[in-house]
Amino acid sequence: MSGQPLQLSRKLPGIGERERLVRRAKLLAWLGVGWHGVEAAIAVGAGVVAGSIALIGFGADSLIESLAGVILLWRFAAARASSESAERSAQKLIGVSFYLIAAYVGFEAVRSLLSGARPEASWIGIGLAAVTLVTMPPLAIAKARVGEKLGSSATRSEGQQNMLCAYLSAALLVGLGANALFGLWWADPVTALLIAGVAVKEGRESWRGESCCTAPVVTGENCEDDCCR
């Protein structure tokens, strides 16, 4: 192998199909923003009641993730829907939001470990984590499919934030469950540190990723590009 990136040749959707896909991408982004708002309110409220840094951190993370959805909506506003420069800007902004998630989750995890804080059991938090764990992967998969059809790595990266939310939910579920059932208060911050590492990796890939050609093309034209895969 030469070590050079694989050059893909594929057809982008026609103008009509692209408009339909853009509308779908915006709908999915709105669904994510709306859910993360509800998620943040419940998590922060339950975290304050239980004295759980992990739950409050999860709520703050939800607000950061909603930022990625807002960035995607900005990217697909009418004036920028066909702009390759907007695609690249959105891609990098979403990369930055991954770094924000990693920094916040990592900081809260280390602080929780050092302080040895033992929160009360929060069954509301456990229920929230379980619901989020079930709902986020389908949303992430839907965004990935739309992003692939549009040739939009920003859409795919924003969908990865939903998958990261599912990972965080799993970590929260394990941590809160271990604390509630076995008194293992440290399980959540240790798992959260692993999730922070995943967020750094995703942020780096989103920041460095090549923007696929995104302008509307006549059906049948090829896109010669190192497109998102």
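A close look at helix H5

Guide: H5 and H6 pack at an angle of about 170°, their axes lying 8 Å apart; axes are lines fitted to C-alpha atoms, for helices over the stretch in contact, and angles run from 0 to 180 degrees between N-to-C directions. Helices are DSSP runs (H or I, at least four residues), numbered from the N terminus. The two helices are therefore roughly antiparallel, a label for angles over 145 degrees. Their contact (heavy atoms within 4.5 Å) involves, among others, Leu164, Leu168, Leu172 and Gly175 of H5, and Thr191, Ile195, Val198 and Glu202 of H6. By class, this contact has ten nonpolar, five polar and two charged residues; Ala, Val, Leu, Ile, Met, Phe, Trp, Tyr, Cys and Pro count as nonpolar, Asp, Glu, Lys and Arg as charged, and the others, Gly among them, as polar.

The model is a predicted one, in which local features need pLDDT of at least 70 and side-chain atom pairs count only at pLDDT 80 or more, whereas totals for chains, interfaces and linings use all residues. Residues are numbered from 1 along each chain as its sequence is written, and side-chain values use heavy atoms, with hydrogens and water left out.

H5 (residues 153-182) also packs with H2 (residues 53-75), at about 170° and with axes 10 Å apart, so H2 and H5 are likewise roughly antiparallel. Among the residues making this contact are Phe58, Ile64 and Leu72 of H2, together with Cys165, Leu168 and Leu172 of H5. The contact of H2 with H5 comprises eleven nonpolar, four polar and three charged residues.

Helix H3 (84-115), H5 and H6 (187-208) each supply at least two residues of a nonpolar patch. That patch includes Leu114, Trp123, Leu181, Phe182 and Trp186, and its largest share, three residues, comes from H3, where leucine 114 is found.

Terms used
Parallel < 35°, antiparallel > 145°, perpendicular 65-115°, else oblique. Patch = residues over 30% accessible without salt bridge, like charges linked within 9 Å, V, L, I, M, F, W, Y side chains within 5 Å. Areas by Shrake-Rupley, 256 points an atom, 1.4 Å probe, with all protein chains shown as cover. Salt bridge = Lys/Arg side-chain N within 4 Å of Asp/Glu carboxyl O.
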